[in-house]
Structure formats: structure tokens, C-alpha cells
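Please consult the sequence and the structure shown below while reading.

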Protein chains: 2
Amino acid sequence: MVPAEFDDAVALTPTDTPGEFTITFDTGWTIGNGVNGGFLLAVAGQAAIAAISNKPHPLAVSAHYPSATHPGYAVIHTEVLRNGGTFGTVRVQIVQDDRICVVAHVTCGTAATPASDDLIFATPPHLPPIENCISTSMAPPEMIEQVPMLGRFDLAMHPDQVGWAVGKPSGRGEFTAWYQFKDGRDQDPISLLQVVDALMPVTMDLGRPGWAPTLELTAYIRALPAPGPVIVTHRTRLMQGGMFEEDCEVWDSAGVLVAQSRQLAAQPRG
Amino acid sequence: MVPAEFDDAVALTPTDTPGEFTITFDTGWTIGNGVNGGFLLAVAGQAAIAAISNKPHPLAVSAHYPSATHPGYAVIHTEVLRNGGTFGTVRVQIVQDDRICVVAHVTCGTAATPASDDLIFATPPHLPPIENCISTSMAPPEMIEQVPMLGRFDLAMHPDQVGWAVGKPSGRGEFTAWYQFKDGRDQDPISLLQVVDALMPVTMDLGRPGWAPTLELTAYIRALPAPGPVIVTHRTRLMQGGMFEEDCEVWDSAGVLVAQSRQLAAQPRG
């Protein structure tokens, strides 16, 4: 059986040093020349799970990005800080060319299954059926060239939220889109860590195009996702002092809020 | 000049080992027998700033709490992972009795000053004047005894949001309150890290009283706060699988959103 493209890309090779792994980042998960921050979050989650015993899922992953990560070889160091009855905490550090690129702490455990006594205050996003949304597979080749990871998954954007692509940003700073892997792979707690950073930054919709480097990104896995495409929402509350925060929610095909994230990013210079 | 109570409590003593500090947590910043997670976040921010040069403020602090921290002696290890032109990243680890209690990564830099080209989508909270709110200084002595940190600051709660205290939770899971130090100390980026975890958990308003241990807490300092009391809001979007997330915003006396945080906590057993 051929592994799904995503699983192949996040696969880690253990070294002879306990808790150490290597990986070769391919060009398929980049924006410009940098590896996507969400993809790196997934790699950190994957490394944490590989390092700790009896904790199958990353539940809370917080990463800081001191340096950009590029395609190519990298070494991943992990350290299990505690492995308790219900939760465990793992430190992960991704190093490339002697530069520390990503540092993360991961609280691991078992992802939830929705139950009748859950209390849900969040409102599910409104998004037309996938066939009525605007797919990134229709994006011009020069855009795909700049964002190679758009070759790995389809984003089907809300038709009212694509004005930015033709120079007419709405100024609302909100994006909603269907996300599905091109090879049909279903979501799991590791891949959801990529999904939370897959959409274009909301600054695109605020008239500030360009790359928005992530300083910090924290994601919570709130439930095991059902099979099928997921819905992703992005929004910001505040762009101030050259920085903005971006909140993301991921809803599965059963209408369950399966992941939440927030990142602090530097505002594109425009 | 006598230092403010808070500054005295977060003061660090350097050891002979570079990047290492000690601290003695006093009982004044506890809930039950545990040191408050926000106070520990402030200590982590303080340690990061002490360890790195030319970066005066913590901008993004993400902490995981593998073990509870108790009053008494602790050792704090810091490591500067990168110190770039604009941002620097520091790792902080708080160890007590050979247990790793708190691990944090801190992205440091210079906190923003609000400017005319900021884009603000957040809505300032509605809260009556402080004299019309319900102050925790009127709380029964047995409550203060359980939450000693309520001796350090006044919370003046929205009068519509205190039903939980008399056994009538609203079920909305939202809290809004004025916060000010009892000794009149103004806020700064370090103390704001405590403020984001100062209110009672929103689960109190959801009919699930009891202590809600924090697994992960990330805070962003979005601007230097103006002098005077601040307004703090808490809310949750989802209580699921025994866990809930709690979002917090802190607004200063000039109406500026100065801090944001989110935490993942375990639901009280009730």
C-alpha cells in the first residue's frame, strides 16, 4: 500500500540517539522557499507521539519559529518532560544547518470523542456546498508556483471571500474554506495540525498582500475528526504594531469542532 | 521605595550558573495549594526578559504545565535559542523538587504602541463603571481563604455575571471584570501575563464548580498598557471530552486591546 502523500512527507527516521529523528523536508509543503508553519507543527506533533509511550495524540501543540525552515535535511530532538496517567508533555526542537528553526512543547493524551454532555457555544461556519465554492485548483499556475503546497490539497473558498484574488479585498479579514487532501486521505490529529495553517493569511483580505511570517502558533485537537472534507475558518481581531493574530477553527464533516488554533504573525509589508 | 507586591513576588535571584535563577513562591499567589498558572506565566516572561539582551518585553508566551507548582523554592532554567534583530526566542523551565512544573517558550521584542493604521475588529467589552460592579473584596472570607491571590488584586465583576456565586450559574460561560492591584501598581507586559489567568474559570458559570487545572496557556502582549484598571473578559467556545478552552482579552483604560490569551484546561469533576 502506497502511503498517503502527507504521511510520506511527515515520516521521521530515528537515529541511534534516543529521542532523535531526521527528516528531509520536500519542496511540496512550502510557501515561497519556506516550509509551511502548520506542516512543521504536524512534524512536531508526529515527533512528540513517536517519543512518548501510551499517549496516542497531540492535544495541545505550541510552537515558536525562531528561523525559517527550508526544504532539505533537518534533525529533530525530542525530550519527554513528563509522562503521567492521562497527559504527557514532550519538547521538540527542529534544527537545520545548526539553526534552531522550530521549538515546540506538546501535551499528549487521547483525543476526545464527542459526547452528549458536551457544551458547544461555537457556531458552525456557514459555507455553501463544496461544488459551489471556488477551488484553489482553479488558481493561476503562477500562484501554485509560489505556493507549492496548494498541489497537496484543495481549498474550496467561500464564493463571497475571494475578492482579494482579483484585487478586491473585502476588508473583513475572514476566510472560510473546505479542505481536502488531493489523494483523498482523511484527517487525523496529526494532519489537522497542518490544516490550521493552510489557508492564506487573513491579511490578504485586508489589502496587505504578501507573506506573513508566523512567530507563534498554538493548536488544540478537540476531537478525533470524522472522515471526509473539513471546513476551516480564519479571522483576526486585531492588527496592531506590525502584528496580527489569526484564529482558526476546523469543523469536521459531522459538524464537530475538531481543532482550534491561534497564531501571532508579522504583518506583510505590502 | 518599597517594590509593589507583584514585583516583589516575581523577583528572580540569579545563581552562579548563566541563565539560571531561583525564586521562592509565596502563598499569596495561590489557588488552593497551587501557584496560579498566570502568575507562573509572568515568572516565565520575567525570566525570559532577564536572560535575553535588547528585547524588553515578552510578546508571545506559551506555557505547558506538566506538574502543579506549590509555594516554596524553585529553580528556573533559561536558554536563549535565538536573538535576532527584531525578535528573540527564549526557553524557560521551572523546576521544583526535581519535578518539571512549567515549560515555556517566549518570543521577545518590543511591545506595540497603538497607531492610526491599526485595524481593530474586536469589540470592546461592555462593563458598568467599576463602582457599579461586584468586587471580590466583598467575597466571603472562606472564599478568600481558598483563593489567597484574591488578596493581591480586586476583581469587580459585571453585576449580571455573579449568579454562580450564589448557586445560580447563567450557563453562558462568560465573565467580564475590572482588575486592579490592591497596592495600585499599574499594568505592564509582565503583570498582564498574570491578569490573563486571574478570573475564576468560566466553568463556574456553567454549573461545573471546582478547580480547572490548566494544561496549556498562551498569551500575546499586543500593546503597552495605559495606567489604571484594566477590563478582563473570559469565554469558552467548547467544553468537550473533559476539556474546555478559555479565551481571555485584556483591555486597558484607554480602550486598547493589550493582551489576548487562550488556555486549554481540564474540566472540573463537579
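## Salt bridges within a chain

Arg152(A) is buried, with a relative accessible area of 17%. The model is a predicted one, and in it the side chain of Arg152(A) forms a salt bridge with that of Glu5(A), at an N to O distance of 3.2 Å. This pair links distant parts of chain A, 147 residues apart: Glu5(A) belongs to helix H1 (residues 5-10), whereas Arg152(A) lies in the loop between helix H3 (141-146) and strand S11 (153-157). Glu5(A), for its part, is partly exposed, with a relative accessible area of 35%.

In chain B, Arg185(B) and Asp7(B) form a salt bridge, their closest N and O atoms being 2.7 Å apart. Arg185(B) is in the loop between strand S12 (174-181) and helix H4 (189-195) of chain B, and Asp7(B) is in helix H1 (residues 5-10) of chain B, so the bridge ties together parts 178 residues apart in sequence. Arg185(B) is buried at a relative accessible area of 13%, while Asp7(B) is partly exposed at 30%. Over all chains, the structure holds 18 salt bridges.

Asp154(A) is located in strand S11 of chain A. Its relative accessibility is 22%, and the residue therefore counts as partly exposed, since buried requires a value under 20%. Its side chain makes a polar contact of 3.1 Å with the side chain of Lys182(A).

Apart from neighbours within four places in sequence, the residues in contact with Asp154(A) include Ser135(A), Thr136(A) and Ser137(A), as well as Trp178(A), Tyr179(A) and Gln180(A). Gly45(A), by comparison, is 109 residues from Asp154(A) along the chain, and the C-alpha atoms of the two are separated by 23 Å.

## Extent of the interface

Chain A and chain B each contribute 56 residues to their contact. The area buried between them is about 5000 Å², with 55% coming from carbon and sulfur atoms. Across this interface, 46 residue pairs are in polar contact, both residues being at pLDDT 80 or more. The side of chain B that touches chain A comprises 26 nonpolar, 16 polar and 14 charged residues.

Strand pairing also spans the two chains. Strand S15 (residues 238-240) of chain A and strand S9 (residues 119-120) of chain B run antiparallel and are joined by two bridges. Within this pairing, Met239(A) has Leu119(B) as its bridge partner.

## Salt bridges between the chains

Six salt bridges are counted between chain B and chain A. One salt bridge pairs Arg237(A) with Glu249(B), with 2.6 Å between the closest N and O atoms.

Another salt bridge is formed by Glu245(A) and Arg222(B), whose closest N and O atoms are 3.0 Å apart. Glu245(A) is part of strand S16 (residues 243-251) of chain A, and Arg222(B) sits in the loop between strand S13 (214-221) and strand S14 (230-235) of chain B, so this pair joins two chains.

Notes. Residues numbered from 1 in each chain as written. Chains lettered and ligands numbered in written order. Predicted model: local features only at pLDDT ≥ 70, side-chain atom pairs only at ≥ 80, totals over all residues. Heavy atoms only, no water. Salt bridge = Lys/Arg side-chain N within 4 Å of Asp/Glu carboxyl O. Helix = DSSP H or I, 4+ residues; strand = E, 2+ residues; numbered from the N terminus. Buried < 20%, exposed > 50% of the residue type's maximum accessible area, 1.4 Å probe, protein only. Contact = heavy atoms within 4.5 Å. Polar contact = N/O pair within 3.5 Å; in protein donor to acceptor, adjacent residues only side chain to side chain. Buried area = accessible area lost by both parts, 1.4 Å probe. Nonpolar A, V, L, I, M, F, W, Y, C, P; charged D, E, K, R; others polar. Pairing = 2+ DSSP bridges.
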